[in-house]
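Here are a few friendly notes to read alongside the model. Please keep the sequence open while you go through them.

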Amino acid sequence: MSTEESTKPANFIRHIIDADLAANKNKGKVATRFPPEPNGYLHIGHAKSIVLNFGIAEDYNGTCNLRFDDTNPEKEDVDFVNSIQEDVKWLGFDWQDRLYYSSSYFDQLAGYAIELIQAGKAYVCDLNAEETREYRGSLKEAGKDSPYRGRSVEENLELFGRMKKGELEDGSCVLRAKIDMASPNMNMRDPTLYRIRQGVVHHQTGDAWSIYPMYDFTHPVSDAIEGITHSLCTLEFADHRPLYDWVLDNISLRCHPQQIEFSRLNLQYTVMSKRKLTQLVDEKLVSGWDDPRLPTIAGLRRRGFTPASIREFCIRIGISKVENSVEMGMLEATIRDDLNASAPRRLAVMNPLKVVIENYPENKTEELSVPNHPQNEDFGKRIVPFSREVYIDKEDFRESANNKFKRLVLDKEVRLRSGYVIRCDRVIKDEQGEIIELRCSYDPDTLGKNPEGRKVKGVIHWVSATHAVQAEVRLYDRLFNHPTPDDGKDGVGFKERMNPESLVVLKQCVLEPSLADSEPGERFQFEREGYFCRDAGSSDELVFNRTVTLRDSWIKEEKKL
RNA sequence: UGGGCCGUCGCCAAGCGGUAAGGCAACAGGUUUUGAUCCUGUCAUGCGGAGGUUCGAAUCCUCCCGGCCCAGCCA
């Protein structure tokens, strides 16, 4: 971001690391990892984790691996492994040569499974899914031991070997850890370690495997193989930590990373779960994973967010173990801070109303030299043509208004931004009484200076009609009209709380001519309107996406009236 | 008494026994050719509640209240 980014925020995880370092734990090394499953696009909640993990690695002179946790081939896809890498890179992080896949540890994983079997700590269980559930008991009642729990090491070895060779059918059996069916922690009631998946093609290992390890077995082993020191994950995995530790305590791998849980990000007026995002995309309720209304990294990018603003947002919200619900205003403030400093200013009219300046010569064009940034001369200047006919926004004119309305009013004056002061003399309407044109006059002595003897406090934006370029502008707003769309309360599903006005397409917008030369992805402030980004998905036509509006104290003022 | 986790300003969030940081929002002013930006000021005798320990408690203890998570051959 062009303004300074926050650094090294205090949080409980950094305190733990500080203490570990002080105690010379892990020989002073810090190694983290970001372990996405490639079954969807990354969203801003992942960004929180990415910024945490890569940020810690950076600040402690350590490393952060990118590891695909790809143990469930049915739901995963190469497209997702590609998009994830693209998004992490775009956010500004570099895993260098440390790109890993849990699937590349499948051999080692199977070896450790055999160790567990040999130690009598894992067994092959023939119970089907339903039976397994019944035997597991409930939250308040202990489970029962599986009838297969007592199988001999030899038999288990033999059976696991057959599972691995593809001799057994899907669902016919699983490999389970032998822990404690009466544990108050459900995760410790002989959790499944391996299941059979015949015939599915894994995006990395193809058809090499007919068994796939479960998360609870894969994750600790993968962390340990990579020499991770601090394994950061979200709160819902806290109950899994005893299992994480159990696995590492019972295999020969001599590395034991520390799992630490923090709370996931909840952003108001949107949904963050991958399942729900997938649903929105699959059911075509949005245009795709990069729909600018989505909290996905791809969506935010297309919307016009900068990588730096997302990083800064993730730092500002902090890390804790508290259930949170961050206001959209927080995200908006962060992107505004960035774009205010970094986006060149332009003039663009959303709802054009023609203005004819009757005392301005016909066929004359003045080339006004206008600063690209009001506070920063380094942005230079550009030429903005001015002529007898201009467009202003319909919102900026009223036939009558009190003096709170600092825009154009019949028989009153207003400043055309970076241009002249004009007065509205006449209003022209069509048969329906709709205002279709304004007849005005200008004061030639007001270019770059204030008029003599009177004050003109209003300033509005405009575009020369004869030089204007046409464009489509997409105004985006929150996707949902409820702060917690997926809270399941009132018996209303999140899809029923979608905001019908989350996208408003304006096809008749007029822009100052310099914008015709903009590049897809380029960001601007359209003065008095907001920050906009040339759409990168429709490079032929001129389309702009509104990233965020400017702060608007007029809305509040207007409501008071 | 299944287990785990969490309650500090409207929203995030520091604080770790020495007398409540910061950000966002809000409010009140000032500057301004963007009702933007910028600047100034205001905003928790109070830390879920009640007791207790202490010279001193958001920080320690006890009890209570509220919220979140867990019964996939998902992660």
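1. In this predicted model, a backbone N or O atom of Val459 sits 3.4 Å from a phosphate oxygen of RNA strand B. That pair is a polar contact, meaning two N or O atoms within 3.5 Å. With Glu327 the N or O atom belongs to the side chain, and a sugar or linking oxygen of RNA strand B is 3.0 Å away.

2. Which element gives the most to the surface near RNA strand B? It is α12, with four residues. Here "near" means that a heavy atom of the residue lies within 4 Å, and helices (H or I, at least four residues) and strands (E, at least two) are DSSP runs numbered from the N terminus.

3. Altogether 71 residues surround RNA strand B, and His15, Thr71, Ser320, Arg345 and Arg417 are the closest.

4. Now the whole chain: chain A has 13 helices and 27 strands. Its radius of gyration, taken over C-alpha atoms, is 31 Å, well over the 24 Å that the globule rule (2.2 Å times the number of residues to the power 0.38) gives for 561 residues, so chain A is more spread out than a compact globule. The C-alpha trace spans about 100 × 55 × 45 Å along its principal axes.

5. A note on reading the model: residues are numbered from 1 along each chain as its sequence is written, and chains are lettered from A in the order in which they are written. Local features need pLDDT of at least 70, side-chain atom pairs count only at pLDDT 80 or more, and side-chain values use heavy atoms, leaving out hydrogens and water.

Terms used:
A polar contact is a pair of N or O atoms within 3.5 Å; within protein, one must be able to donate a hydrogen and the other to accept it, and residues adjacent in sequence count only if both atoms are side-chain atoms.
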